[in-house]
Amino acid sequence: MTGETPFEGVLRQIEDSVPFEPGYYNESYLDRRISARMRRRDVDDHTEYERLLREEPDEREALMDALTINVTEFFRNPEMWEVLRGVLREMTETKRQVNVWSAPCADGREPYSAAMLACDDPEIDERRLSVLGTDISDEALENARAGVYHTTRTTDIAAELEPLSAPEQWVDRDGDSFRVRDPVKELVEFEKHDLIRDGQMSAFDVVFCRNLLIYIDSGHKGDVFDTLESSLSPGSVLVVGMTESVPPDRRDRYEPVNKRRRVFRWA
Ligand SMILES: C[S@@+](CC[C@H](N)C(=O)[O-])C[C@H]1O[C@@H](n2cnc3c(N)ncnc32)[C@H](O)[C@@H]1O
């Protein structure tokens, strides 16, 4: 293709062959993930890597995994969850039904955290809570629906569950394996949804959109916020990641509940 740099050739190859839209994401993020795969394959030339992508389905899959970074935790940023505890106490006291959306939910630990917090805290009425987790990745959603997590060299599930007063009531532990118990699972559903392409979901009272915006190209952040804002009901709460923010041209639509913890009320 004329005028195309070798790096752009790799991006075109991704666009043509894996279910991932590189145009959504910022270039430095794409460059870091692609370079990591190239090092792994011992390739230092983008043209050569483009050929690998064309010829090897396994490499396409490995790159897709590397690009849809799905790192997550139970109770990620515990201080934010303390703010949310107060929000859920108040909402379940004053509303008949409280709908929570975790978008994107990766392997489900974020929506399960919301459901577990509600079950664990005697001042939150979990019977009024319903949680939806959505993500673009089928594999992440499959893991989320299974609800089984493992302590590994890099992930300590028992430590992640420390904000709960009785974790053993909400997860069934077998050595290094942790299975989310049915009373928690019954509060959570999962669905595939692309925050840029698929548009609004029904009205929610709490929406988490954490640790995706940092990867999104600035031109598409507005699309994500259009989706989120059309899914928020009046007085609802939006939570973004600790290193993320509401775009400046939209800030007057939100009141901080706790600015430091990135919890905002939709005015
Ligand atoms: C780092 S995880 C964030 C998980 C969780 N919110 C958290 O903060 O721990 C990012 C997730 O975004 C998903 N993702 C990437 N692009 C997306 C899109 N356009 N729409 C929905 N999900 C997307 C990925 O599949 C991945 O599971």
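**Exercise 1. Helix H6**

Task: In this predicted model, check what span the 12 residues of helix H6 should have at 1.5 Å a residue.

Solution:
- H6 covers residues 109-120.
- The expected span uses one less than the number of residues.
- At 1.5 Å a residue, the helix should therefore span 16 Å.
- The end C-alpha atoms of H6 are 16 Å apart, which agrees.

Task: How many of the residues of H6 are buried?

Solution:
- Buried means under 20% relative accessible area.
- By that cut-off, 12 of the 12 residues of H6 are buried, and the helix is mostly covered.
- The buried set includes the charged-type names Arg109, Glu110 and Asp120.
- Pro111, Tyr112, Met116 and Leu117 are also among them.

**Exercise 2. Helices H3 and H4**

Task: Classify the packing of helix H3 (residues 46-55) against helix H4 (residues 57-67).

Solution:
- The helices pack at an angle of about 110 degrees.
- Their axes are 5 Å apart.
- Angles of 65 to 115 degrees count as roughly perpendicular, so H3 is roughly perpendicular to H4.
- On the H3 side, the contact has Tyr49, Leu52, Leu53, Arg54 and Glu55.
- These meet Pro57, Glu59, Arg60 and Leu63 in H4.
- The contact residues divide into five nonpolar, no polar and four charged.

**Exercise 3. The sheet**

Task: In which order do the three strands of the open sheet lie?

Solution:
- The order is E3-E5-E4, with antiparallel pairing.
- E3 (148-150) and E4 (171-174) are the edge strands, each pairing on one side only.
- Neighbouring strands are turned by 25 degrees against each other on average, direction ignored.
- Three bridges join E3 to E5 (residues 177-180).
- Valine 148 stands opposite arginine 179 in E5.

Key:
Residues numbered from 1 in each chain as written. Predicted model: local features only at pLDDT ≥ 70, side-chain atom pairs only at ≥ 80, totals over all residues. Heavy atoms only, no water. Helix = DSSP H or I, 4+ residues; strand = E, 2+ residues; numbered from the N terminus. Buried < 20%, exposed > 50% of the residue type's maximum accessible area, 1.4 Å probe, protein only. Axes fitted to C-alpha atoms, helices over the stretch in contact; angles between N-to-C directions. Parallel < 35°, antiparallel > 145°, perpendicular 65-115°, else oblique. Contact = heavy atoms within 4.5 Å. Pairing = 2+ DSSP bridges.
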